[in-house]
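I opened my notebook for a first look at this structure. Here are my entries, in the order I looked things up.

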Amino acid sequence: MDAVEQCEILEEEVFSLTAGPVLMYFQSGLVIGAASDPSQNSVILWVERDDTGYITKEPIENDPELYAISALDKQYSNSYWTQIVGQKIRMVNIIKRNPQNALLAELPNEVGVEIVMDNGEKFILSYGLHNNSDDFSV
């Protein structure tokens with residue numbers, strides 16, 4: 001896969017560390033999207049599909065430039081995600097970063113959304129937290 005070479009990451013890190021949004025599918029039918037927004041210096045979330053099946057805009061699932069990778073993919077993800085998928089969300093925390101300069105001080109600076117599961121496992125939807133860049137990662 002090109003992402004392994006271009007991003008200089010291991011195959012099992014492709015799900016977590018390559019560019020592009022992530023979709024979270026809930027049992028009710030709700031689908032929440034997450035990505036980074038450099039213009040806000042933040043992670044953003046949106047409703048991709050509500051629990052009635054209503055789609056508010058063109059779904060990113062249909063974007064031909066994106067390649068879907070499941071959190072449970074045996075090649076491009078790791079076994080940690082088997083502890084996450086199927087769990088109920090217990091808590092959501094917003095991680096804010098102190099602005100690095102005056103321009104960023106005017107922005108939300110919400111660089112992470114920590115999601116804590118019922119089993120105690122957690123993951124972070126993050127904007128640049130893993131390498132201090134403007135990359136989105138999970």
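How do the residues of the lining of the largest pocket divide into nonpolar, polar and charged? I found 28 nonpolar, nine polar and five charged. (Ala, Val, Leu, Ile, Met, Phe, Trp, Tyr, Cys and Pro count as nonpolar, Asp, Glu, Lys and Arg as charged, and the others, Gly among them, as polar.)

I noted that this is a predicted model, where local features need pLDDT of at least 70, side-chain atom pairs count only at pLDDT 80 or more, and totals for chains, interfaces and linings use all residues. Residues are numbered from 1 along each chain as its sequence is written, and side-chain values use heavy atoms, with hydrogens and water left out.

Next I looked up the volume of the largest pocket, which is about 1300 Å³. Of its 42 lining residues, F15, P21, V22, L23 and I69 are the closest to the centre. (A pocket is an open set of points on a 1 Å grid over the protein atoms alone, where a 1.4 Å probe fits, with protein on both sides within 12 Å along at least five of seven lines; lining residues have an atom within 4 Å of a point. Grid points are joined across faces, edges and corners, and the volume is the space filled by probe spheres set on them.)

Then I turned to the second largest pocket, with about 180 Å³ of space. I counted 13 lining residues, and T18, A19, G20, D135 and F136 are the closest to its centre. This lining divides into seven nonpolar, five polar and one charged.
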